[in-house]
Amino acid sequence: MYWRRFFLVKLPQIGVFILIIGIYIVNFLLWKLPLIAFFNSTLLGLLIFIVYLFFSYSRWKAIEIRLEDLNKENRQIKKSLEKQALANQEFMDIIRVWSHQMKIPLSAIDLMTQTVIDNDELKNQIFTLENYLTILLEYQRITNLSTDFRFETVSVNEISKKIVKKYSNFFIQKNLFLKFEGESDWKITTDSRWFELALEQFINNAVKYTKKGGVSIYIGTNQLKIKDSGIGILAEDLPRLFEHGFTGYNGRIQQKSTGLGLYLSRLILDKLDFEVKIESEIEKGTTVIITKRMD
């Protein structure tokens with residue numbers, strides 16, 4: 001590879017050498033000099049030229065290899081800078097969406113301080129603020145995560161019940177039923193803290209967008225389903241649900257969604273080697289299906 005490129009570069013010099021040989025031949029023929037002198041001088045010149053090419057090739061190859069290494073490093077640096085710029089832009093977009101959404105519970109709390117304070121509603125708004133703060137802080141951590149995972153065998157049933165207990169007031173206030181289904185518990189080896197955070201966002205959405213009926217949690221072999229009887233999601237919104245900042249039509253109408261919860265959950269589950277799929281139908285509800293990727 002290098003030899004071929006080298007000879008292409010040295011073609012002018014090789015051409016000059018061939019021209020000189022041609023001049024030698026003409027001179028020897030015109031002057032009728034002994035051919036032995038021609039062969040000796042040509043052989044000496046050829047030997048010198050070969051030695052020159054050898055050392056020239058060694059120096060040229062070293063320079064080419066160094067240039068290739070530099071180009072490779074430049075490409076890697078460029079990709080790294082582009083990735084960092086994209087991450088910075090993405091984070092700024094998230095901050096913009098997040099800060100806008102924070103105004104809703106803050107405005108509600110401010111309004112209550114000016115009128116009559118509803119303790120239950122105040123707790124709900126504070127809970128919402130805490131959830132938004134958690135999403136932002138954990139997003140920063142998960143996008144800069146390297147070896148922060150602590151894997152252990154945990155029960156999906158226990159994690160699900162822990163989250164449901166956290167949202168018990170919302171179930172009671174909205175008069176929603178809760179049903180646990182499944183033939184057996186699902187034991188998984190994962191980071192329980194991060195998995196719980198991802199799972200909480202789906203249960204949060206199930207409670208948030210369900211006005212009547214309730215939520216069913218099915219735990220089976222290598223599968224977890226969270227099914228609600230809520231307002232549902234438009235079919236055209238389903239492919240974009242896990243994009244950051246995308247709230248979907250119903251999320252915008254309800255004015256309750258930042259679009260960050262699902263995005264964060266997808267990031268976490270991808271890193272923990274889970275797959276997630278969402279099925280939904282307007283006014284009939286939504287089903288979230290989480291499965292473990294098989295090796």
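Leaving aside neighbours within four places in sequence, Ser56 touches Phe6 and Lys10. Ser56 belongs to helix 3 and is buried, with a relative accessible area of 4%. The model is a predicted one.

- Once neighbours within four places in sequence are set aside, Tyr52 is in contact with Lys10 and Gln13. Lys10 is likewise one of the contacts of Ser56.
- Helix 2 (residues 11–31) and helix 3 cross at roughly 170°, and their axes come within 11 Å. Angles over 145 degrees count as roughly antiparallel, and helix 2 and helix 3 are therefore roughly antiparallel to each other.
- On the helix 2 side, the residues that meet helix 3 are Gln13, Ile14, Phe17, Ile21, Tyr24, Ile25 and Phe28. On the helix 3 side they are Ala37, Phe38, Ser41, Thr42, Gly45, Leu46, Phe49 and Tyr52.
- By class, this contact of helix 2 with helix 3 has 11 nonpolar residues, 4 polar residues and no charged residues.

**Helix 4: span and buried residues**

- Helix 4 covers residues 119–143, which is 25 residues. From its first C-alpha to its last, helix 4 reaches 36 Å, close to the 36 Å expected at 1.5 Å a residue.
- The buried residues of helix 4 are Asn124, Gln125, Phe127, Leu129, Asn131, Tyr132, Ile135, Leu136, Glu138, Tyr139 and Ile142.
- These buried residues pack against helix 3 (35–114), helix 5 (156–166), helix 6 (168–173), helix 7 (192–208) and helix 9 (260–271).
- Asn131 is an example from helix 4. Asn131 counts as buried at 9% relative accessibility, because buried means under 20%.
- Apart from neighbours within four places in sequence, Asn131 is in contact with Tyr167, Glu200, Gln201 and Asn204.

**Helix 9 with helix 4**

- Helix 4 and helix 9 pack at an angle of about 30°, and their axes are 10 Å apart. That angle makes helix 4 roughly parallel to helix 9, because angles under 35 degrees count as roughly parallel.
- The crossing of helix 4 past helix 9 is left-handed.
- From helix 4, the residues in this contact are Ile135, Glu138, Tyr139, Ile142 and Thr143. From helix 9, they are Leu260, Gly261, Tyr263, Leu264, Leu267, Ile268 and Lys271.
- The residues of this contact divide into 8 nonpolar, 2 polar and 2 charged.

**Helix 9 with helix 7**

- Helix 7 and helix 9 have axes that come within 9 Å and cross at roughly 150°. This crossing is left-handed.
- The residues of the contact of helix 7 with helix 9 divide into 9 nonpolar, 4 polar and no charged.

- Lys165 lies in helix 5. At 66% relative accessibility, Lys165 counts as exposed, because exposed means over 50%.
- Lys165 and Ile117 are 48 residues apart along the chain, and their C-alpha atoms are separated by 25 Å.

**Loop residues with positive phi**

- Most residues other than glycine have a negative phi.
- Asn222 has a positive phi, near 60°, and is a residue other than glycine. Asn222 sits in the loop between strand 4 (214–220) and strand 5 (223–228). With a relative accessible area of 23%, Asn222 is partly exposed.
- Asp273 is not a glycine, but its phi is positive, at about 70°. The loop that holds Asp273 runs between helix 9 and strand 6 (274–281). Asp273 counts as partly exposed at 28% relative accessibility.

Terms used: Residues numbered from 1 in each chain as written. Predicted model: local features only at pLDDT ≥ 70, side-chain atom pairs only at ≥ 80, totals over all residues. Heavy atoms only, no water. Helix = DSSP H or I, 4+ residues; strand = E, 2+ residues; numbered from the N terminus. Expected span 1.5 Å × (residues − 1). Buried < 20%, exposed > 50% of the residue type's maximum accessible area, 1.4 Å probe, protein only. Contact = heavy atoms within 4.5 Å. Axes fitted to C-alpha atoms, helices over the stretch in contact; angles between N-to-C directions. Parallel < 35°, antiparallel > 145°, perpendicular 65-115°, else oblique. Left-handed = near helix turned anticlockwise from the far one by under 90°. Nonpolar A, V, L, I, M, F, W, Y, C, P; charged D, E, K, R; others polar.
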